[in-house]
Amino acid sequence: MRDQAESLRMLVNRMEKGTDTKTIAVISGKGGVGKSNFSLNFSLMLCKRGYTVLLFDMDIGMGNIDILLGQSSHITIIDMFNKGLSIRELIKKGPANLSFIAGGTGLTNIFTMNDDRINYFIDQLQSVSREYDYIIFDMGAGISEDYLHLLRAVHEIFVITTPEPTAITDAYATMKYIHMLEKNIPFYLIVNRAQTDKEGRETLIRLTNAMKQFLGKEITKLGMLPEDQAVSKAVIRQTPFLLLDPATKVSRAIAEITDRYLLKKTDAEMTTHSFNFFAKLRRFFLER
Ligand SMILES: Nc1ncnc2c1ncn2[C@@H]1O[C@H](COP(=O)(O)OP(=O)(O)O)[C@@H](O)[C@H]1O
Ligand SMILES: [Mg+2]
């Protein structure tokens, strides 16, 4: 009951402010660097700060957000396409009032499909978007052509890397690729699994400097998450680390990153991009 009243109050607040949904894609170059754990715990932290969040597992066919939550789901995004389910039938409730859509498992190619289905997907997403302050897309590793449409449409891209040289070069190559197509997308950089603060800081500096020097692109250093055994413990327990151990160093780092991110937001900034996301997404897909 309290949750409902709370959501209602936030909805009214948002309507009064005239702000609307912000879309964020979480990407990396290299796989396995911590995108899903970051997306999930960052989303939960936003919920704890009073925002409404829809976490969308876009690692379609290899999704694991539902597993990380211990709420393994039989209904996934794949059913929207194969069985024509509505988006409301796909949205599950997680802890802290988090909404999520599972990515599903199995071979699938949902985005290489006809315009009707693409339109259905975009209409469905748009129909619930007003209920959320944030829609966060946890992407699969690398970028396929179809993911690219989504990446070009979102308001912001969060890039996760580890301090390993292979992860750094892949993160750089991925950002460069997107930047060549969309010059204005803000990139936010997060270094995960830093063994020391120094290592994390140096990685942040190295990548932001390279982006500036070689591409003339300013990107935002959002922060770093330490290497912490609490992460794999949480994965095994199928409980997000933020909930399993809110005081552990990686949880405190998530709180810091979330608050730093929120501080950068102003209402003015939130309104600038009204509805651009859906218009852009439609355009990119239909121009294929
Ligand atoms: N900060 C961290 N400290 C320790 N281990 C981590 C950390 N972040 C991620 N891991 C490990 O890496 C694995 C992969 O993380 P995941 O979020 O699934 O990556 P991705 O979504 O990029 O493939 C986790 O299961 C965990 O074992
Ligand atoms: Mg993942």
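**Figure 1. The largest nonpolar core of the predicted model.** In this predicted model, the largest nonpolar core comprises 75 residues, among which Ala 25, Val 26, Phe 137 and Ile 190 touch the most other members. Helix H2 is the greatest contributor to this core, supplying seven residues. In soluble globular proteins, nonpolar side chains tend to be buried together.

**Figure 2. Surroundings of Ile 190, a residue of the largest nonpolar core.**

**Figure 3. Parallel pairing of strands E7 and E8.** Strands E7 and E8 run parallel and are joined by five bridges. Within this pairing, Val 191 stands opposite Met 224 of E8. Strand E8 spans residues 220-226, and five of its seven residues are buried, so the strand is largely enclosed by the rest of the structure.

**Figure 4. Residues surrounding ligand 1.** The shell around ligand 1 consists of 17 residues, of which Gly 34, Lys 35, Ser 36, Asn 37 and Val 231 are the closest. Two or more shell residues come from each of helix H2 (35-48), strand E7 (187-194) and helix H10 (229-237). By residue class, the shell contains five nonpolar, eight polar and four charged residues.

**Figure 5. The buried and exposed sides of helix H14.** Helix H14 covers residues 276-286, and its buried residues are Phe 277, Leu 281 and Phe 285. Viewed down the axis of H14, these buried residues fall within an arc of 55 degrees and therefore line one face of the helix. Arg 283 and Leu 286, on the other side of H14, are exposed.

**Figure 6. The protein chain as the setting for the close-up views.** The protein chain has 288 residues, 41% of which are buried. Its secondary structure comprises 14 helices and eight strands. Among contacts in the chain with a separation of 6 or more, 78% are between residues 24 or more positions apart.

Terms used:
Residues are numbered from 1 along each chain as its sequence is written. Chains are lettered from A and ligands numbered from 1 in the order in which they are written. This is a predicted model: local features need pLDDT of at least 70, side-chain atom pairs count only at pLDDT 80 or more; totals for chains, interfaces and linings use all residues. A residue is near a molecule or strand if its C-beta atom, placed from the backbone, lies within 6 Å of it. Helices (H or I, at least four residues) and strands (E, at least two) are DSSP runs, numbered from the N terminus. Ala, Val, Leu, Ile, Met, Phe, Trp, Tyr, Cys and Pro count as nonpolar, Asp, Glu, Lys and Arg as charged, and the others, Gly among them, as polar. A nonpolar core is a set of buried Ala, Val, Leu, Ile, Met, Phe, Trp, Tyr and Cys residues joined through C-beta atoms within 7 Å. A residue is buried if 20 or more other C-beta atoms lie within 10 Å of its own, exposed if 12 or fewer, and partly exposed in between; C-beta atoms are placed from the backbone. The arc is that of the directions from the helix axis to the C-beta atoms. Two residues are in contact if their C-beta atoms, placed from the backbone, lie within 7 Å. Two strands pair if DSSP finds at least two bridges between them.
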